[in-house]
Amino acid sequence: MDQCEDPHSSLWGEQKNQNKAERKEPGSEPEPAPEPEPETDPDPGSGPGPEPEPEPEPGPAPSCVSFKSDDSKDILVEFKGEQPRASKRVEQQSSEVPRAQSVQQHHLDSIFMLLEDNMVTFVKKELKKMQKVVSPDYPECSESQREDEEELEGDDEDQRSSREMFQQITVLFLRRMKQEKLADCLQSKLAAPVCRRKLKCGLKKKFQTVFEGIAKAGQPTLLNEIYTELYITEGGTAEVNDEHEVRQIEAASRKADRVETSIRPEDIFKGSHGRDGPIRTVMTQGVAGIGKTVLTQKLTLDWAEDKSNQDIHFMFPLTFRELNVLKERKFSLVELVHHFFSETKAAGMCSFEDFQVVLIFDGLDECRLPLDFHNNEVLTDVTESTSVDVLLTNLIRGKLLPSARLWITTRPAAANQIPPDCVDMVTEVRGFSDPQKEEYFRKRSRDEEQASSIISHMKTSRSLHIMCHIPVFCWITATVLEELLRTREGGDLPRTLTEMFIHHLVVQTKVKKVKYDGGAETDPHWSPDSRRMIESLGKLAFNQLQKGNLIFYESDLTECGIDVEAASKYSGVFTQIFKEERGLYQDKVFCFVHLSVQEFLAAVYMFHCYTNRKQEVLEDFLGKGWKDENRDTLDVFLKRVMEKSLRSKNGHLDLFVRFLHGLCLESNQRLLGGLLGQTENRPGMIQRVINNLKKMKSDEMSPDRSINIFHCLMEMKDLSVHQEIQEFLQSENRSEKFLSGIHCSALAYMLQMSEEVLDELDLKKYRTSEEGKLRLIPAVRNCRKFRLSDCRLSESHCEVVASALKSNPSHLIDLDLYGNNLQDSGVKHLSAGLQSPNCKLETLRLENCSLSEISCDSLVSALKSNPSHLEHLDLRWNNLQDSSVEHLLDLVKSPDCILKTLRSVEGSISLCCFQQFSTKHSQYQSKDPESPVNLQLLSEALRAEWRQKHRDSSRPIRGATSLLSWCV
């Protein structure tokens with residue numbers, strides 16, 4: 001009798017052998033199927049399946065029993081030592097085949113039932129997770145979500161693989177069910193954790209190192225080590241500020257030690273305490289080199305390192321330099337993100353509506369896209385392809401991906417490219433405060449003594465100290481002074497901007513000589529090759545300065561006769577002056593390390609053109625008639641350039657012309673080693689240049705421009721005016737001292753840069769000319785009360801006064817403009833200042849200012865929009881019409897109005913308007929008897945005239961005294 005088969009043998013192998021046996025005996029009768037054994041029936045509710053039988057003990061093998069009869073089914077008979085008969089053995093062998101099949105089938109059923117149970121459990125668990133993920137109540141970036149992600153990260157590779165395969169199957173089934181939106185949502189949310197982890201790794205690698213000036217191979221600096229906290233203020237408007245950035249830096253330096261609403265970078269989307277409503281779009285302004293780009297990199301790095309803003313799901317930093325290159329291509333928003341961030345494409349992210357996304361757009365001032373907010377089509381579908389320009393305008397307007405947050409950085413001159421209603425909050429990067437400057441120099445230099453020397457020298461020069469508010473200028477200063485302190489003993493260190501930039505150029509030329517030309521440090525550094533490179537860079541700097549460009553593409557280089565290969569060579573040699581940037585998906589882009597470097601090289605090029613008599617360049621810049629009776633001497637040339645810069649509305653040539661005058665000095669020319677050519681630097685010629693500056697007229701020009709004349713004198717190291725004003729401020733009989741125009745410009749500069757806010761500035765108290773008084777107007781930015789009567793103010797002067805009202809912070813609380821014939825354009829500027837949220841003006845006197853109906857309406861409209869500060873308004877001796885008086889009444893009735901005194905006289909209003917005015921105000925008083933405002937008709941004659949002629953209400957009243965006055 002054969003032994004029974006091992007129950008742990010291969011079921012599939014046994015089944016195969018059985019089939020072969022059956023094929024060998026086709027004629028044999030099939031055995032009837034055995035009845036199932038009750039004890040072996042699997043119970044679906046009893047557990048996952050039967051447990052395996054224990055291994056048999058060693059010993060005699062049992063015989064197999066036939067299950068054909070019921071009697072023997074439950075009886076096991078052992079015949080020890082006996083062999084069954086042959087016929088019995090055949091019968092037993094025949095019965096073993098169906099029994100083996102039954103055992104095998106039973107075992108297979110058990111396995112598959114266990115498999116089914118396991119798979120159903122797995123499917124239910126995973127589907128429950130997926131349902132939770134796509135639920136609208138599921139909070140993104142919550143603590144529970146992070147716990148779920150950590151749990152998933154703890155799975156082994158097999159578990160992750162099976163989970164991902166099932167997720168793909170689920171998405172496929174959803175699409176078969178025509179649930180495309182739900183399928184996209186699920187696909188994106190399932191891919192998000194892995195995608196975010198990989199995105200953070202990529203951003204961390206990209207932004208953890210930073211290069212000052214230009215990237216040097218092998219010399220990276222960790223951003224977290226060198227980063228010095230920047231001073232960022234909240235407030236302001238998104239309107240354009242196109243004045244020269246050096247003046248904006250000066251303004252920032254005045255505010256550095258004053259209490260303002262500051263904001264931390266990580267709180268950029270939170271705003272100040274008490275702000276109403278969510279913040280979607282933030283615009284951060286700051287002059288070139290102030291640290292806007294580094295700020296965005298630091299915020300992104302902190303997010304990638306899980307230090308801050310972990311409520312944000314995805315952060316996508318982009319630059320307009322990169323976007324400019326895609327101007328002619330079409331993308332959907334999803335495709336654009338895939339283009340720049342390959343991690344999202346690899347993860348299959350196809351939707352971002354369900355995530356908290358931050359899109360950073362750095363460098364709006366470098367944008368060369370139209371950004372046509374008025375005419376671009378409306379787009380709401382993130383998967384629809386269109387131009388990059390249309391994508392951006394719809395993103396910023398909130399039509400496309402409205403759940404996203406946007407952070408836009410820009411120089412102030414380009415802020416008006418974005419409509420103000422699209423910006424929820426404006427912040428300003430002020431750069432380094434005085435303590436932060438010192439912190440930067442000490443972090444940069446490991447030599448404590450050297451750092452202290454640099455800090456001390458910076459403080460001795462007002463211009464250098466102000467410019468060091470810019471982090472890039474701190475870097476230039478440190479580079480120059482470290483080299484000079486290392487290579488020479490004693491001697492004067494650079495004190496003017498021109499000297500500092502000349503030394504910077506010399507240091508970089510020496511580096512080129514030693515590093516690239518194989519020369520020694522003591523060799524002459526001005527080689528013909530270096531001169532040619534500087535001239536080419538100077539031409540590029542000058543041409544692009546004229547156009548207002550800070551970044552240059554291949555087309556810009558071609559216009560200046562520079563090919564891309566040559567530009568790449570320049571950027572590789574003069575690494576701290578001119579740099580090449582090339583991202584993963586962008587063409588080559590070139591720029592100077594800072595706008596001031598571009599302005600300096602432009603001045604070097606223009607001076608070179610003058611000394612080499614390149615008439616075509618000179619005439620193109622100054623006009624064909626620039627010579628003075630055929631005299632083209634240095635004093636004439638600089639006078640024409642100065643006049644051109646004074647005519648500039650925004651002062652874009654201010655620093656350029658300062659450098660030009662600084663280059664006149666023989667000491668500076670000697671440092672440049674003949675780079676400028678043969679120059680006229682005789683003492684007599686230099687004195688003529690100085691005299692021209694002192695006598696320069698600035699009629700009908702902005703008084704801010706005239707201050708630059710004083711700066712040019714300082715660049716030429718003529719300190720006479722500065723010393724005279726210092727003596728004037730220290731004298732006790734100031735009213736007896738006559739001030740020339742240049743004195744007034746210097747005084748205005750010193751007063752507005754003073755750390756102490758002036759209590760009052762009355763121009764009548766200064767002995768000077770009419771032009772001199774107008775040159776003093778910029779001091780309005782740093783005083784509380786300003787008296788400016790009978791000064792013949794022009795539009796540009798009103799613009800300066802308005803800037804004082806808009807300033808953050810604004811100190812002006814009392815403004816007297818009596819007797820100035822203000823035009824509509826001038827009042828428009830003043831109205832803009834009054835409308836500013838920074839305005840704190842309490843008293844405004846506009847007596848006898850010839851206000852037209854348009855001007856009065858503009859004024860009242862501004863006060864209506866911001867009525868909570870003005871307490872006293874004097875409009876006497878202006879020809880007010882009915883509509884203007886009605887607007888004034890509406891202003892008084894405003895619940896936010898705190899006006900205590902309103903005076904208006906010498907009008908010609910109708911009796912009807914007068915009666916309406918009186919009635920409305922009586923109604924207003926009856927509603928609020930406790931109101932501090934009390935209406936008094938001071939003119940009894942006027943009231944009598946009104947009583948006599950009330951029947952003819954169309955006849956005007958001509959008053960000789962006050963028509964209306966409110967008094968406390």
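This report goes through salt bridges in the model and how exposed their partners are.

The model is predicted. It holds 40 salt bridges.

| Pair | Closest N to O distance |
|---|---|
| Arg-175 and Asp-184 | 2.9 Å |
| Glu-771 and Lys-697 | 3.8 Å |

**Partly exposed partners**

Take Arg-175 and Asp-184, which form a salt bridge. Arg-175 is partly exposed, at 24% relative accessible area. Asp-184 is also partly exposed, at 25%.

Glu-448 has a relative accessibility of 47%, so it counts as partly exposed. Arg-442 has 33% and counts as partly exposed as well.

**A link between distant parts**

Glu-771 forms a salt bridge with Lys-697. This pair links distant parts of the chain, 74 residues apart. Glu-771 sits in helix H30, which spans residues 770-775. Lys-697 lies in the loop between helix H26 (683-695) and helix H27 (703-715).

Is Glu-771 buried or exposed? Glu-771 has a relative accessible area of 14%, so it is buried, because buried means under 20%. Lys-697 reaches 55% and therefore counts as exposed, as the cut-off for exposed is over 50%.

**A network**

Some salt bridges share partners. In this way Asp-628, Arg-631, Asp-635 and Arg-688 are joined into one network.

Notes. Residues numbered from 1 in each chain as written. Predicted model: local features only at pLDDT ≥ 70, side-chain atom pairs only at ≥ 80, totals over all residues. Heavy atoms only, no water. Salt bridge = Lys/Arg side-chain N within 4 Å of Asp/Glu carboxyl O. Buried < 20%, exposed > 50% of the residue type's maximum accessible area, 1.4 Å probe, protein only. Helix = DSSP H or I, 4+ residues; strand = E, 2+ residues; numbered from the N terminus.
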